[in-house]
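Here's a quick briefing to read with the model open on your screen. Have a look around the fold, then come back to the notes.

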Amino acid sequence: MGIGYKTSWLAVPGASGGAVADALGLAGRVAMDWDAGTKAAYRKGVFVASPVDGWTLAHGRIDLDAGRDGDGPAVLSWLGSLGRRFGELQYFSTDRVGECHAWARVEAGRVVRAYCYDGCVGDVLMRLGEPTEIERRLGVGLRGLEEGRERWGEAEWDDWHAAMPDEQHVMAIARDWGICPLDIPDGTTVADGIHGFPADAD
């Protein structure tokens, strides 16, 4: 169905597409079917799909989390503000080119788990809360840049890199937490969604 790799997305349970679009402040809204909307959002803007299996997905390759870069206080503040509106939601981001992967979970209006690894700089940019069961099973999301790394040898660095996530780990976490967009069968019939542009999009 088109959403998953090299993009960022939100998964919001029990919310309408219009409510999610309102929360994201989307302007210039156009109704689009899934295929057209996902393709458009890979180029620019955000596509909020109609609910599938009780989840509303919103994705945008460059504009969903524009200005927040998927890490640090800004994205946590953004997710917290969405959480106060919806109570529960999830955030995922993956980019195989730079090996930058992130995920976050909001429960009862509060960010309870967040992790972001950026392979370009070789750093864990965001680590909040305890790893969930699926992360422990996968062996990712467990490590940051620990103290004493300046004394690490090759073996220690090999172990550290082996514990860093890739895009398949992000999909597995999304699947375990509720819904992975890659699992939505091609040809699934859903109503038109909404494509638009956040106020801070260039």
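This is a predicted model: local features need pLDDT of at least 70, side-chain atom pairs count only at pLDDT 80 or more; totals for chains, interfaces and linings use all residues.

**Overall build**
- The radius of gyration is 17 Å, and that agrees with a compact globule, because 202 residues packed that way would give a value near 17 Å.
- Take the contacts between residues at least 6 apart in sequence: 62% of them join residues at least 24 apart.

**Surface and charge**
- The protein shows about 9200 Å² of accessible surface, and carbon and sulfur atoms account for 48% of that.
- On the charge side, you get 20 positive and 32 negative side chains.
- The centres of those two charge sets lie 3 Å apart.

- Lys6 isn't a glycine, yet its phi is positive, at about 55°.
- You'll find Lys6 in the segment before β1 (7-13), and with a relative accessible area of 38% this residue counts as partly exposed.
- Ala108 also isn't a glycine, and its phi is positive too, near 50°.
- Ala108 sits in the loop between β6 (100-107) and β7 (110-118).
- The relative accessible area of Ala108 is 79%, so it counts as exposed, the cut-off being over 50%.

Technical notes:
Residues are numbered from 1 along each chain as its sequence is written. Side-chain values use heavy atoms; hydrogens and water are left out. The radius of gyration is taken over C-alpha atoms; the globule rule is 2.2 Å times the number of residues to the power 0.38. Contact means heavy atoms within 4.5 Å. Accessible areas come from the Shrake-Rupley method with a 1.4 Å probe; for residues, only the protein chains shown count as cover. Lys and Arg count as positive and Asp and Glu as negative; His and the chain ends are not counted. The place of a charge is taken as NZ of Lys, CZ of Arg, CG of Asp or CD of Glu. Helices (H or I, at least four residues) and strands (E, at least two) are DSSP runs, numbered from the N terminus. Buried means under 20% relative accessible area, exposed over 50%, partly exposed in between (1.4 Å probe, protein chains only).
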